[in-house]
Amino acid sequence: MLSVWQRFDTNWYLAIAERGYGTLIGDVHFPPLYPILIRFVGGLINQNWLAALLVSNLALLVALRMLYQFVAESFGNAVARRTSALLLIFPTAFFFFSGYSESLFLLWTVLALRSLQRRVWLWAGFWIFCAILTRLQGVALLVPLGYALWQARPFDQKVARGFALLLPAFAVALYLFIRAVVGSASVIPLTESDLHARLAPPWENYWYAIQTLVSGKFIVADVLNWFVTTWCIVVLLIGWHKLPPLWRLYAVTSLIVLTMRYVETQPLNSMSRYVLTIFPIFVLLGIWSENVWLQRAMVYLSLVFALYLC
C-alpha cells in the first residue's frame with residue numbers, strides 16, 4: 001500500500017540517505033538536508049522509507065500551522081483557513097504527503113519570511129540556510145533577505161544582520177563543496193548533463209513549452225506544466241498589489257529561478273509540483289475565494305484534477 005508513493009525523486013533521496021553521494025550519477029543535484037533527516041529518523045525506527053514519509057508529513061503539519069498564523073497576521077483567520085484548504089486540495093498537493101522535500105521546503109520558507117518580516121535576522125538567516133540545503137529553489141529567498149536588510153533602518157543589530165547574510169552564503173558554499181568532492185562535472189550547477197538540464201533564461205524555457213505544444217508532440221504533463229506556469233504568472237499580475245513586498249519578491253524570484261532550469265526532455269519540467277511552495281499564490285486564491293461562486297469553482301476544479309492526477 002505504501003509502495004505507490006516510492007517513485008522518482010523519492011528513490012534519489014533514499015539512495016543518498018542510505019549510501020551518501022556519488023553512488024548514483026546525478027545524485028548531487030539533490031541537496032543534503034532532507035536525506036540527512038531521513039537517515040536520522042530512519043536510524044530511530046530502522047526504516048528509511050517510512051522515515052521519509054514521517055519527515056514529510058510532520059513537516060507539512062508544522063508548515064500548515066505556521067502558514068495559518070503567518071497569513072492570519074496579515075489577512076485574518078478566514079483568509080488563512082481558505083489559503084490552507086486550497087493549498088491542500090491543489091491537484092499536485094499529493095507531493096506534500098510523499099517522500100519529497102516540498103513539505104520541508106514550505107516550512108523553511110514560511111519561517112524565513114516570517115522572521116524577515118519581524119526583523120529577527122539571525123533566525124531568518126538560519127531558515128534560509130535550511131531552505132537552500134533542502135531545495136536549490138531556496139536561493140530565491142536571498143532577494144527578500146536583501147530587500148528586508150536594505151529597508152530596515154537604522155542599521156542596528158549588525159552582528160545579527162551579518163549572520164543573516166553569512167548563513168545562507170555558507171549553505172551555498174557547503175552545497176558547492178559537496179559537488180566538488182563528489183566530482184561533479186559542473187561544480188556550479190549551470191549544467192546537469194546527466195539529467196539533460198541546464199540554466200537558461202526563463203523566456204527560453206517558456207517558448208520551448210509553447211513550441212512543444214504547437215508541434216503536437218507533447219504529453220499531458222507538458223500541458224499541465226505550461227498551464228500551471230501561465231496561471232501563476234496571471235495570478236501574481238492580477239493580485240500583485242494585495243501582497244506584502246517580501247511575499248511579492250519571494251513569489252516572483254521563485255518563478256524566475258524555477259523556470260530557469262531548462263530540461264531538454266520536458267519543457268517547464270515539474271512546474272506543476274514546484275509551485276506548491278510559492279504560498280503567496282495560494283494566499284491570493286484565499287482572498288479571492290471570499291466570493292462563494294469563485295470558491296466553489298476553485299474547490300470543484302481542484303478536486304476533479306487532483307483525482308485525475310492521483
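This is a predicted model: local features need pLDDT of at least 70, side-chain atom pairs count only at pLDDT 80 or more; totals for chains, interfaces and linings use all residues.

**The nonpolar core**

The largest nonpolar core holds 86 residues, of which Trp108 and Phe279 touch the most other members. Helix H3 (residues 48-75) gives the most to this core, contributing 14 residues.

*Around phenylalanine 279*

- Setting aside residues up to four places away in sequence, phenylalanine 279 touches Leu67, Phe70, Leu106, Thr109, Val110, Leu113, Trp247 and Tyr250.

- Helix H5 (residues 102-118) consists of 17 residues and reaches 24 Å from its first C-alpha to its last, close to the 24 Å expected at 1.5 Å a residue.
- H5 is mostly covered, with 15 of its 17 residues buried.
- Leucine 116 lies in helix H5.
- Leucine 116 has a relative accessibility of 2%, and therefore counts as buried, the cut-off being under 20%.
- Beyond its neighbours within four places in sequence, leucine 116 is in contact with Trp121, Ala124, Pro144, Leu145, Ala148 and Leu246.
- Between leucine 116 and proline 144 there are 8.0 Å in space, C-alpha to C-alpha, although the two are 28 residues apart in sequence.
- Just after H5, arginine 119 adopts a positive phi of about 60 degrees.

*Helix H8*

- Helix H8 (residues 158-182) has 25 residues, so at 1.5 Å a residue it should span 36 Å; the end C-alpha atoms are 36 Å apart, in agreement with that value.
- The buried residues of H8 are Ala160, Arg161, Ala164, Pro168, Ala171, Tyr175, Ile178 and Arg179.
- The cover over these buried residues of H8 includes helix H6 (121-132), helix H7 (142-151) and strand S1 (191-192).
- Just after H8, glycine 183 adopts a positive phi of about 95 degrees.

*The second largest pocket*

- The volume of the second largest pocket is about 570 Å³.
- This pocket is lined by 22 residues, and those closest to its centre are Phe90, Pro91, Phe227, Leu301 and Phe305.
- Helix H10 (220-239), helix H13 (279-288) and helix H14 (292-309) are the elements that give two or more residues to the lining of the second largest pocket.
- H14 supplies the largest share of that lining, with eight residues.
- In the lining of the second largest pocket, 19 residues are nonpolar, three are polar and none is charged.

Technical notes
Residues are numbered from 1 along each chain as its sequence is written. Side-chain values use heavy atoms; hydrogens and water are left out. A nonpolar core is a set of buried Ala, Val, Leu, Ile, Met, Phe, Trp, Tyr and Cys residues joined through side-chain atoms within 4.5 Å. Buried means under 20% relative accessible area, exposed over 50%, partly exposed in between (1.4 Å probe, protein chains only). Helices (H or I, at least four residues) and strands (E, at least two) are DSSP runs, numbered from the N terminus. Contact means heavy atoms within 4.5 Å. On a 1 Å grid over the protein atoms alone, a cavity is a set of points where a 1.4 Å probe fits but cannot get out, and a pocket is an open set with protein on both sides within 12 Å along at least five of seven lines; lining residues have an atom within 4 Å of a point. Grid points are joined across faces, edges and corners, and a volume is the space filled by probe spheres set on the points. Ala, Val, Leu, Ile, Met, Phe, Trp, Tyr, Cys and Pro count as nonpolar, Asp, Glu, Lys and Arg as charged, and the others, Gly among them, as polar. The expected span of a helix is 1.5 Å times one less than its number of residues.
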